[in-house]
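I opened this notebook to record what I looked up in one structure. The entries follow the order of my searches.

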Amino acid sequence: MNGTLQSVLHPAGHDAAVISQFAWVLFGAATVIFVAVMALMALSLRDNARPLRPGLWIAGAGVAFPVLVLSALLTWSTWRSAQLVPQSSQAALSISVTARMWWWEVRYRDPAGGREIVTANEIHIPVGQAVYVGLNAADVIHSLWVPSLSGKRDMIPGRVTGLTLRADRPGVYRGQCAEFCGAQHANMALHVVALAPDAFRDWLRRQASPARAPQGALLERGRAAFLEQRCQTCHTIRGVAEARRLGPDLTHVGSRAHIGAGLLQTHQNTLAGWIADPQAVKPGVFMPAAAGTDGDTLRALAAYLEHLQ
């Protein structure tokens with residue numbers, strides 16, 4: 001995704017701007033203190049330095065200075081923290097995110113029919129609107145962090161926590177699991193796609209629809225291969241197979257920018273390589289290789305998945 005950001009120093013939302021300001025103020029205060037300490041040390045090393053009474057140094061530099069500086073920073077940070085967006089599940093839009101080893105399951109509620117819309121590894125939100133994200137984990141402790149939009153929030157099995165996301169401008173903002181969760185922790189990325197409100201509604205409407213019917217012999221063969229290879233044992237494609245959700249929902253997988261939780265860009269070749277041997281791409285994932293699948297069948301299956309926009 002072009003223009004993807006993952007930086008606490010480039011905020012694109014209200015909470016991220018507050019956190020970024022915290023960082024700059026603390027960096028600045030630490031720099032001033034460091035320079036002052038180094039200057040005093042240099043002064044004390046001069047041969048002709050005038051000795052000062054120890055009591056004055058203890059009272060001034062050891063007590064008064066830290067109390068004044070830390071009290072000022074505490075007062076300012078407490079005041080600024082109160083301006084963070086409250087974490088409220090009563091927001092106009094609520095999304096559920098479940099962290100799994102090593103990908104993200106994202107659930108919306110279809111505003112038209114009330115049905116759940118399930119996708120993976122991407123969160124789409126409307127620009128300028130606070131979105132409540134309910135968080136939970138299916139296996140071990142994870143942590144969601146999208147530094148350009150908000151702070152971190154732990155995701156603990158058996159416990160629901162929450163986070164509010166708000167993007168002030170359209171863009172793609174990269175997030176990451178921020179709690180070590182196993183061998184592929186570093187390859188557990190998530191992208192937040194902020195769209196104009198009308199574009200978001202259009203996207204949600206398309207996501208609510210069942211999978212596109214295949215057109216042409218190649219895609220028909222790919223759909224048949226999905227069933228013959230027993231892919232529906234772990235994956236759902238609405239309108240084709242809806243029994244299991246051990247792995248990501250693939251109903252509109254071709255519309256996602258990445259597969260493998262941000263690891264590979266989505267197109268036919270990467271899909272084919274992933275299906276053929278996911279362990280070669282992301283060792284430790286809970287997906288078996290497509291052993292014994294011939295090249296033509298593999299290409300047809302990858303083409304079918306790519307067309308699921």
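Which residue in β2 is the bridge partner of A99? I found that W104 holds that place in β2. The model is a predicted one, in which local features need pLDDT of at least 70, side-chain atom pairs count only at pLDDT 80 or more, and totals for chains, interfaces and linings use all residues. Residues are numbered from 1 along each chain as its sequence is written, and side-chain values use heavy atoms, with hydrogens and water left out.

**Entry: strand pairing.** I noted that β1 and β2 pair in the antiparallel sense over five bridges. Two strands pair if DSSP finds at least two bridges between them; strands are DSSP runs of E with at least two residues, helices runs of H or I with at least four, numbered from the N terminus. β2 and β3 are also antiparallel, over five bridges, and V106 has T119 of β3 as its bridge partner. Six residues lie between the strands of this hairpin, where G114 takes a positive phi near 80 degrees.

**Entry: the sheet.** I traced an open sheet of five strands with mixed pairing, in the order β3-β2-β1-β5-β8. β3 and β8 (161-165) are the edge strands, each pairing on one side only. I then looked up burial (under 20% relative accessible area with a 1.4 Å probe, protein chains only; exposed is over 50%, partly exposed in between). Four of the five residues of β3 are buried, so β3 is largely enclosed by the rest of the structure.

**Entry: helix α3.** I found F200, W203, L204 and Q207 buried in α3. They cover an arc of only 100 degrees around the axis (taken from the directions from the helix axis to the C-beta atoms), which puts them on the same side of α3.
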